[in-house]
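My notes follow in the order I checked things.

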Amino acid sequence: MERILGIGGVFFKARDPKALAAWYREHLGVPVEEGQTYSALASGAAGEQTVWSTFPTDTAYFGPGPSPFMVNYRVRDLDVMLAQLRAAGAQVEDRVEDHSYGRFGWAVDPEGNRFELWQPK
C-alpha cells in the first residue's frame, strides 16, 4: 500500500492574505518575505521543504467545498497513490500537473475536503 511521506504544505484562506502572512512572520517567526503570502520551511534531515501559504478567501484552489484549508501531502509515487485512491472509490481529479519541482494531483476526502498530493523531483 502506498503511504504519504509527510506534509508538503499547509494552505489556508485569509480575508487579507498579505496581512495575515505578516502577522505570522512577526509573531511566530514564519520566514515570509515582506509583501509575500508564502514561505518554504525546512523539514527533515534530507532538506525536504514544507510550504506554508495564505490564499484569498475566494480562491478556487481548494476546490468547490467550504473548507478554509488544504493540506499538501508528499508522496513517493503519485500515479500509484492516485490509482489506489480511485480503486477505493475516492473522488480523484483526472488532471495531473508537472513542474520543475515535482508532480501534483488532487483528491477529495469523504467529508469534502480537497487535498493535494505532491511527488517531488
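I started with Trp23. This is a predicted model, so every value below is computed from it.

I found Trp23 and Tyr24 paired edge-to-face, with 5.2 Å between centres and 80 degrees between planes. I then followed Tyr24 to Trp52. Their ring centres are 5.1 Å apart and their planes are at 55 degrees, so I noted this pair as tilted. Tyr24 sits in helix α1 (residues 17–28) and Trp52 in strand β3 (residues 49–56), so the pair ties together parts 28 residues apart in sequence.

I searched the whole structure for aromatic pairs and got 11. One aromatic cluster holds Phe11, Phe55, Tyr61, Phe62 and Trp106. I also looked for charges over these rings. Arg95 lies over the face of Trp106, 4.2 Å from the ring centre. Arg114 lies over the face of Tyr61, at 5.7 Å.

I moved on to helix α2. Which residues of α2 are buried? In this helix, residues 78–87, I listed Leu78, Met81, Leu82 and Leu85. Viewed down the axis, they fall within an arc of 95 degrees, so they line one face of α2. I then asked what the buried residues of α2 pack against. The partners are β1 (4–14), β4 (69–75), β5 (91–92), β7 (102–108) and β8 (114–120).

I checked both ends of α2. At the start, a side-chain oxygen of Asp77 comes to within 3.2 Å of the backbone nitrogen of Asp79. Just after the helix, Gly89 has a positive phi of about 90 degrees.

Last, I looked up the nonpolar cores. The largest has 9 residues: Val75, Leu78, Met81, Leu82, Leu85, Val92, Ala107, Phe115 and Leu117. Both α2 and β8 give two or more residues to this core, and α2 gives the most, with 4. Beyond its neighbours within four places in sequence, Ala107 contacts Leu85, Gln91, Val92, Asn113, Arg114 and Phe115. A second, separate core has 7 residues, including Phe11, Phe55, Trp106 and Trp118.

Terms used. Residues numbered from 1 in each chain as written. Predicted model: local features only at pLDDT ≥ 70, side-chain atom pairs only at ≥ 80, totals over all residues. Heavy atoms only, no water. Buried < 20%, exposed > 50% of the residue type's maximum accessible area, 1.4 Å probe, protein only. Arc of directions from axis to C-beta. Contact = heavy atoms within 4.5 Å. Polar contact = N/O pair within 3.5 Å; in protein donor to acceptor, adjacent residues only side chain to side chain. Core = buried A, V, L, I, M, F, W, Y, C linked by side-chain atoms within 4.5 Å. Phe/Tyr/Trp six-rings, centres within 6.5 Å; stacked < 30°, edge-to-face > 60°. Lys NZ or Arg CZ within 6 Å of the ring centre and 35° of its normal.
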